[in-house]
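We will walk from one stop to the next, selecting as we go.

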Amino acid sequence: TLRQGVTTKPDFDNTELGLLFPQNDPSEIAYIIGQFSHARKNGSDIHPHVHWIQTSATTPTWKMDYRWYKNGETIPAWTTLETNGGVFPYTAGDLPQISSFPTIDGSLIDSVSSILDIKLYRDDNDLSGDALLKEFDIHYQIDQERGSTTEFAK
């Protein structure tokens with residue numbers, strides 16, 4: 001779930017339905033707090049990415065600060081990742097684009113229950129003006145059909 005924090009920034013575009021991330025302003029942050037599905041394969045990597053609308057040949061650099069931790073253990077320091085371009089070649093018009101962050105090593109998250117805190121923002125002059133974010137998601141491997149059998153697993 002995306003949250004806008006106390007400043008209600010970034011702005012929400014009610015017409016195009018997305019968050020508007022301005023050029024070179026790391027203070028406009030979407031906050032994401034996720035409890036991983038108990039079906040995630042223990043120790044497996046995760047692949048975060050953003051879906052956004054590309055309107056020119058230039059792409060923004062999306063950044064995410066994250067910390068990933070297991071219940072019952074010490075919360076780690078923040079780590080910063082950034083995207084590099086888009087998955088699809090731009091031709092013209094408004095293109096639904098995907099930009100991937102580097103894979104996050106999950107070998108230390110060998111528990112059915114873990115939490116991922118994310119701060120998502122732009123801190124670049126690559127693209128002038130706003131970039132419209134549609135969605136953030138994470139691909140991950142599963143190995144359980146319906147999750148854990150323990151309600152509060154560690």
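On a 1 Å grid over the protein atoms alone, a pocket is an open set of points with protein on both sides within 12 Å along at least five of seven lines, whereas a cavity is a set of points where a 1.4 Å probe fits but cannot get out; lining residues have an atom within 4 Å of a point. Grid points are joined across faces, edges and corners, and a volume is the space filled by probe spheres set on the points.

Before the first stop, some ground rules. This is a predicted model, in which local features need pLDDT of at least 70 and side-chain atom pairs count only at pLDDT 80 or more, while totals for chains, interfaces and linings use all residues. Residues are numbered from 1 along each chain as its sequence is written, and side-chain values use heavy atoms, with hydrogens and water left out.

**Stop 1: the second largest pocket**

Select Tyr66, Arg67, Trp68, Pro76, Ala77, Thr79, Ile104, Asp105, Leu108 and Ile109, which line the second largest pocket. Its volume is about 170 Å³. Which strand gives the most to this lining? Strand 6 (residues 62–70) does, with 3 residues; strands (E, at least two residues) and helices (H or I, at least four) are DSSP runs, numbered from the N terminus. Colour the lining by class and you get 7 nonpolar, 1 polar and 2 charged residues. Here Ala, Val, Leu, Ile, Met, Phe, Trp, Tyr, Cys and Pro count as nonpolar, Asp, Glu, Lys and Arg as charged, and the others, Gly among them, as polar.

**Stop 2: from the lining to a salt bridge**

A salt bridge means a side-chain nitrogen of Lys or Arg within 4 Å of a carboxyl oxygen of Asp or Glu. Is Asp117 buried or exposed? Asp117 is buried at 9% relative accessible area, while Arg67 is partly exposed at 23%; buried is under 20%, exposed over 50%, and partly exposed in between (1.4 Å probe, protein chains only).

**Stop 3**

Now select Asp110 and Lys70, another salt bridge, with its closest N and O atoms 2.6 Å apart. Asp110 sits in the loop between strand 8 and strand 9 and Lys70 in strand 6, so this pair ties together parts 40 residues apart in sequence. Lys70 is buried, at 12%, and Asp110 is partly exposed, at 47%. Next pick Lys63, Glu82 and Asp123, which salt bridges with shared partners join into one network. In total, the structure holds 7 salt bridges.

**Stop 4**

Strands count as paired if DSSP finds at least two bridges between them; strand 5 (residues 46–54) and strand 8 are joined by 6. Select Val50 to see Ser99 of strand 8 opposite.

**Last stop: the whole chain**

Zoom out: the chain has 0 helices and 10 strands. Of its 154 residues, 41% are buried.
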